[in-house]
Amino acid sequence: MVDIQSLLRTNIKNLKPYSSARDEFKGAAEIFIDANENPFDHPYSRYPDPLQWKLKEKIAQFKKVDPQNIFLGNGSDEPIDLVIRAFCNPGVDDIIAPNPSYGMYQVSADINDVKLIQVPLRTDFTMDFDLMLSTAGPQTKVAFLCSPNNPSGNVLPLSEMKNFIASFQGLVVIDEAYIDFQQESMKSFINDYNNLIVMQTFSKAWGSASIRMGMAFVNTEIIGIFNKIKAPYNISNPAQEQAMKMLDQMEAVQKQTQQIISERKRMALELTRFKGVLEIYPSEANFLLVKVDDANKLYHFLTSQGIIVRNRHGQLHCDNCLRITVGTPTENDILFIKLNEYYHEKDFVFG
Ligand SMILES: Cc1ncc(COP(=O)(O)O)c(C=O)c1O
């Protein structure tokens, strides 16, 4: 057990949170003249539920967790920031995260004036968990792990993550933004480890990046801390409604997810045909990290053809690497045609 209260910043421990109108009265009434809203009939004239209970109950059923163990944020970028803000004293504490990984850990750390200690992944993007542990110092409050990892796409072994969580004396965030493209989530272990926070999102498999809906699965003690410091109405009503709609379309979403996975496999296969494609890293997400002969040149060519991929050249172990999101079958076919033009492989035929 980790002593959560001793990790918490003193000013957050002592904080008296804002109490909104919708916090103070929750029941049914005829007339609401408590929140300075426009009283006339508009679809979104009223403030949303600050704790989004209806949506949490629906998510809870699907994710098989207790609604009390769900925090909803403005994208998972919000809980990433909240965990640093709540637990790390600016200019004093630090966090650790693998390198390369998702860029917002660094940005959120910088915004909060908290040092990010980057722990290099091995060249095949596997993690040296002993190195992660030995890098953590007395001021290391939070460790971020990302599985499947962005930009490499590989997953971290469950047993090693569990050993790490049990040994680490701070909070461990497992960022599972791409979890829907594979099977094994760590969220079922939130009651076993009180320092575990699992983050997921509606932005990837759920086709809802624009509603900005991130989820953190965690014990009620940490939920209480997040609720204390979040903006009072951090999730809009249209976003809550759209998330509920997507959950009603669960089967269609899961079918699409399977289609994306099979397109990813097709993409990996097709890409091996190009001489200039040197390596395709194994991925369990909705993208592939691909090493080519000259990433900058190919990136500019594809851009000139109206195809935008992510150039990861310059990141650790990512020399000449492009990160390519799996598109629709038609979009992927166009990519292959353009790559064929670029590499002049006249004998190229679709598999
Ligand atoms: C690993 C990882 N975590 C989190 C996010 C952000 O998710 P959200 O859109 O929920 O803020 C991304 C987005 O690319 C990501 O790659």
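1. Domains. This predicted model splits into domain 1 (4-248) and domain 2 (252-343). Their centres, taken over C-alpha atoms, are 29 Å apart.

2. Domain contact. Domain 1 contributes 21 residues to the contact, and domain 2 contributes 19. On the side of domain 1 that touches domain 2, the classes are 12 nonpolar, seven polar and two charged residues.

3. Largest nonpolar core. This core holds 82 residues. Which residues touch the most other members? They are Val83, Ile95, Val142, Ala143, Val172 and Ile197. Helix H5 (residues 77-87) supplies the largest share of the core, six residues. Both domains take part: domain 1 (4-248) and domain 2 (252-343) each give at least three residues. As background, nonpolar side chains tend to be buried together in soluble globular proteins.

4. Val172. What does Val172 contact, once neighbours within four places in sequence are left aside? The partners are Ala143, Leu145, Phe164, Ile165, Asn195 and Leu196. Of these, Ala143 is also listed with Val172 among the core residues that touch the most other members.

5. Overall form. The protein has 13 helices and 11 strands. Its radius of gyration is 22 Å, close to the 20 Å that the globule rule gives for 351 residues, so the protein is as compact as a globular protein of that length. Along the principal axes, the C-alpha atoms fill a box of roughly 70 × 55 × 35 Å.

6. Buried residues account for 37% of the 351 residues. Among contacts with a separation of 6 or more, 68% join residues 24 or more positions apart.

Key: Residues are numbered from 1 along each chain as its sequence is written. This is a predicted model: local features need pLDDT of at least 70, side-chain atom pairs count only at pLDDT 80 or more; totals for chains, interfaces and linings use all residues. Domain bounds come from an automatic or database domain assignment. Two residues are in contact if their C-beta atoms, placed from the backbone, lie within 7 Å. Ala, Val, Leu, Ile, Met, Phe, Trp, Tyr, Cys and Pro count as nonpolar, Asp, Glu, Lys and Arg as charged, and the others, Gly among them, as polar. A nonpolar core is a set of buried Ala, Val, Leu, Ile, Met, Phe, Trp, Tyr and Cys residues joined through C-beta atoms within 7 Å. A residue is buried if 20 or more other C-beta atoms lie within 10 Å of its own, exposed if 12 or fewer, and partly exposed in between; C-beta atoms are placed from the backbone. Helices (H or I, at least four residues) and strands (E, at least two) are DSSP runs, numbered from the N terminus. The radius of gyration is taken over C-alpha atoms; the globule rule is 2.2 Å times the number of residues to the power 0.38.
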